[in-house]
Amino acid sequence: MSSLHFSFVPCIAAGAVALCSLQAQAQERIYRCGNEYTNNAQVAKSRNCSPMEGGNITIVEGTKPAPAVATRTTPATATRNGNDRVDPNAQRARDSDAKAILEAELRKAEGRLTQARKEYANGEPEKQGIESRNYQRYLDRVAELKAAVARAESDVAGLQRELGRLPAASGNAAR
């Protein structure tokens, strides 16, 4: 048994030495050419690449983007020339729908504004729970309520501007 043990150790050592020598032979000189690397000495010489010094480098090549596929243009994305016209009835229907949507949003925003003003109570809302003992918490809530009122006012003003930009509704427009 002991003779087997002594003959096995040199085999392992010889195998490790052989592996190291193979790895050393496999490692070639690496050249850097800007953002590219090569181990081909002729290419490196023709492109004036500089040899890399130091340890091993690992380069992982990134994925290449897929080529852009030409998409079919739809009528909405197609370019229009001066002769193309939208049907006046269709345009009136779109404008009417837009106006109805904006008016509904305006009513909701005005409701939020009314609620925010009610909660803000002109800067003096009632104290809640722990706020009677913690004045800073009360001040923080008042500041949040004031910001909510300002946001709601801004929303209402923006919706009113959008409604003002819509063309005036006319029953019989000139054709």
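Visitor: Why does Ile57 count as partly exposed in this predicted model?

Guide: Ile57 has a relative accessibility of 35%. Buried means under 20% and exposed means over 50%, so at 35% Ile57 counts as partly exposed.

Visitor: Where is Ile57 placed?

Guide: Ile57 belongs to the loop between strand S3 (50–51) and helix H3 (88–120).

Visitor: What makes the nonpolar surface patch of about 260 Å²?

Guide: Tyr37, Ile57 and Ile59 make that patch. Patch residues need over 30% relative accessible area; Ile57, at 35%, therefore passes that cut-off.

Visitor: Why is Arg141 called buried?

Guide: The relative accessible area of Arg141 is 17%. The limit for buried is under 20%, so Arg141 is buried.

Visitor: Which residues is Arg141 in contact with, leaving aside neighbours within four places in sequence?

Guide: Pro125, Glu126, Lys127, Gln128 and Glu131 are in contact with Arg141. Arg141 itself lies in helix H4, residues 135–165.

Visitor: Which residues of H3 are buried, and what do they pack against?

Guide: Leu102, Leu106, Ala109, Leu113, Ala116 and Tyr120 are buried in H3. The buried residues of H3 pack against H4.

Visitor: What follows H3?

Guide: Ala121 follows H3, and its phi is positive, near 50°.

Technical notes
Residues numbered from 1 in each chain as written. Predicted model: local features only at pLDDT ≥ 70, side-chain atom pairs only at ≥ 80, totals over all residues. Heavy atoms only, no water. Patch = residues over 30% accessible without salt bridge, like charges linked within 9 Å, V, L, I, M, F, W, Y side chains within 5 Å. Areas by Shrake-Rupley, 256 points an atom, 1.4 Å probe, with all protein chains shown as cover. Salt bridge = Lys/Arg side-chain N within 4 Å of Asp/Glu carboxyl O. Helix = DSSP H or I, 4+ residues; strand = E, 2+ residues; numbered from the N terminus. Buried < 20%, exposed > 50% of the residue type's maximum accessible area, 1.4 Å probe, protein only. Contact = heavy atoms within 4.5 Å.
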